[in-house]
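Q: I am new to this structure and would like to learn how to read it. Could you walk me through a few features, one at a time?

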Amino acid sequence: MVHLAKIFGSKEGLTGKLLASMDACVRRVCGRTKHAARARMAVVRAEAVDTSISPRVSALRPSKTMAITDQAMALRQAGVPVIGLAVGEPDFDTPPAIAEAGMNAIRDGYTRYTPNAGTLELRKAICAKLQGENGISYLPDQVLVSNGAKQCITQAVLAVCSPGDEVLIPAPYWVSYPEMARLADATPVILPTNISENFLLSTELLAEKINEKSRLLILCSPSNPTGSVYPKELLEKIADIVKKHPRLLVLSDEIYEHIIYQPAKHTSFASLPGMWERTLTVNGFSKAFAMTGWRLGYLAAPKHFVAACGKIQSQFTSGASSISQMAGLAALNLGYAGGEAVSNMVKAFQERRDYLVKNFKELPGVKISEPQGAFYLFIDFSAYYGSEVQGFGTIKNSESLCIFLLEKAQVALVPGDAFGDDKCIRISYAASLTTLQTAMAKIKEAVALLKPCVAA
C-alpha cells in the first residue's frame, strides 16, 4: 500500500477533510456512544479467535493500482479535487448497440444461468472472430467465457502450474501476473527490459532464463503498463526459443489488441507456426468496447487446457453473466476490430497519447518510450530521484514521487515499482483530453519544484 503519512500529516490539510468524512461515516454506522462501545467490545471478543490467514494468501500483495484508485476516490469524496489517472478504465460509455443488447436480454427474461463455459452462440462468435481477425482456428469447446479476462488468466495459471514451477514474466508487467503465479505456488521469474529498447523482451535473456522448471511465459501485447507492441519478427524469434522446450507454454494476454496505433500491428502468438498447441490466448471486452463493468472475458486454447480451466471455474464462479454474454455477442457483431465505435475511441486515445508525449518531452530529464498501443504512458522520472522539496522531503523512488504529485498536483498516478520498474511511473490516458490538459498543467507546476539530479 502507498504510505500517505506525508499527505495526511495535519488536520489543516487533506487529513482534516478525509477525517471529517470518516468521522461522519463512523457516526452513521455506530450511532451513539453506546453503540460504538458495543462495537469495540465485539472487537475485543473477536481477538480470542484464531485470525491467522493462509500463508498462500498472506504472501499476496494487494494491487497498488486499485489501492491508489481507492485512495483517490476517498479524497474526492472528502472534497479534494483529485484527478485520477491510475486505473485503466476507458472514459467512454459502452457503445449503444451493446448496451441495448444487454437491456433487451433483461426485458426478454434472459437472466438465468448459462452453461459453465458460456453460451454456445457466444463461443461460436468468438471462434469466428479469432479466425477472421487473428488467423487462429478454434472450436467452441476450445473456448471458455469467464467473468473478465483477469479470471481467465488466473485460472490458466492455476491449471497449468504446479508447486515449484517457474513463470517467466517480462518487466514492466501488469501488477497481477506475479501474484497469480504465487497463488499457484509457482515462482515468478522476472525478465527486465529497457526503455531504450521500447520495453521489449530480449531473446538472449529469455533463452538464458529458461530451465527445466520453466512452465509458463506470459506475454502482453499491446502491453500494460508500457503500451509496447511486439512486432511479428520478434515474436517469431521468441517462438523459435519456445519450441526448444517441450514443457514451456505461453499465455498471450491480448486484451488491448484493438487499441493500437499505426503503423504498429497486432500478431496473435498462437498464429505463429507450432505455437497453437502450446498457447493459451486470453482476450475480453472491457478495454476496446468500454465494457469494464460488464465483466466478460474469454480463453482460447487446446481442449485439455480449456477443460482444466473450466473445471476450476465450475467450482469457483460458474458461468459469466447471461446479460453480459448477450452484450458481448453484440460487441462482436459491430464489425471487424469493433467497427466504427472502437475506431473512434482509438482515434481519441491516440490524440491523448500525442498530447501527453509532447508535453512530457518538454520536462528536463524525463525519458519516454512512445506507446504503440493500449492507453498508458510509462515514463522514466528517475532523474528526479534525490531531489529535496521544502515541506515534503526527498523524492527517493517512484512511490515517493507519486505521493508528491498526489499532494502537490492532486493527480493520482501509479508508482513503477508496482510494475517491476522503480524508475518509472504509469499514467493512464483513459480520460478526456480536457482532464489530461488540466492534469498536465498541475504536474508541470509541481515538477517545477524539483530539479533533475541525474543527467538525462
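Q: Which residue forms a salt bridge with Asp-165, and how far apart are the closest N and O atoms?
A: Let's start with the general idea: side chains of opposite charge can pair when their charged atoms come close. Here, keeping in mind that the model is predicted, the partner of Asp-165 is Arg-247, and their closest N and O atoms are 2.9 Å apart.

Q: Where do Asp-165 and Arg-247 lie, and how far apart in sequence are the parts that the pair ties together?
A: Asp-165 sits in the loop between helix 7 (149-160) and strand 3 (166-171), while Arg-247 sits in the loop between helix 10 (232-242) and strand 6 (249-253), so the pair ties together parts that are 82 residues apart in sequence.

Q: Is Asp-165 buried or exposed?
A: Buried means under 20% relative accessible area. Asp-165 has 6% relative accessibility, so it counts as buried. Arg-247 has a relative accessible area of 35%, so this residue is partly exposed.

Q: How many salt bridges does the structure hold?
A: There are 14 salt bridges. One of them joins Asp-141 and Lys-303, with 3.4 Å between the closest N and O atoms. That pair links distant parts of the chain, 162 residues apart: Asp-141 is in the loop between helix 6 (120-134) and strand 2 (143-146), and Lys-303 is in helix 11 (residues 303-316). Asp-141 is partly exposed at 36% relative accessibility, and Lys-303 is partly exposed at 48%.

Q: Which residue meets Glu-370 in a salt bridge?
A: The partner is Arg-353, at 3.7 Å from N to O. Glu-370 lies in the loop between strand 9 (367-368) and strand 10 (376-380) and Arg-353 lies in helix 13 (residues 339-361), so parts 17 residues apart in sequence are tied together. Arg-353 is buried at 5% relative accessibility, whereas Glu-370 is partly exposed at 36%. Salt bridges can also form a network, as they do for Arg-61, Glu-179 and Arg-182.

Q: In what sense do strand 7 and strand 8 pair?
A: Strand 7 (residues 279-284) and strand 8 (residues 297-300) pair in the antiparallel sense over four bridges. Gly-284, for instance, has Gly-297 in strand 8 as its bridge partner.

Q: How many residues are in the largest nonpolar core?
A: In soluble globular proteins, nonpolar side chains tend to be buried together. In this structure, the largest nonpolar core has 115 residues, and Phe-360 and Phe-381 have the most contacts inside it. Helix 13 gives the largest share of this core, seven residues. Both domain 1 (61-88 + 340-449) and domain 2 (96-339) give residues to the core, so it lies between them.

Q: Which residues is Phe-381 in contact with, leaving aside neighbours within four places in sequence?
A: Among them are Phe-360, Leu-363, Leu-401 and Val-447. A second, separate core has 22 residues, including Leu-205 and Phe-269.

Key:
Residues are numbered from 1 along each chain as its sequence is written. This is a predicted model: local features need pLDDT of at least 70, side-chain atom pairs count only at pLDDT 80 or more; totals for chains, interfaces and linings use all residues. Side-chain values use heavy atoms; hydrogens and water are left out. A salt bridge is a side-chain nitrogen of Lys or Arg within 4 Å of a carboxyl oxygen of Asp or Glu. Helices (H or I, at least four residues) and strands (E, at least two) are DSSP runs, numbered from the N terminus. Buried means under 20% relative accessible area, exposed over 50%, partly exposed in between (1.4 Å probe, protein chains only). Two strands pair if DSSP finds at least two bridges between them. A nonpolar core is a set of buried Ala, Val, Leu, Ile, Met, Phe, Trp, Tyr and Cys residues joined through side-chain atoms within 4.5 Å. Domain bounds come from an automatic or database domain assignment. Contact means heavy atoms within 4.5 Å.
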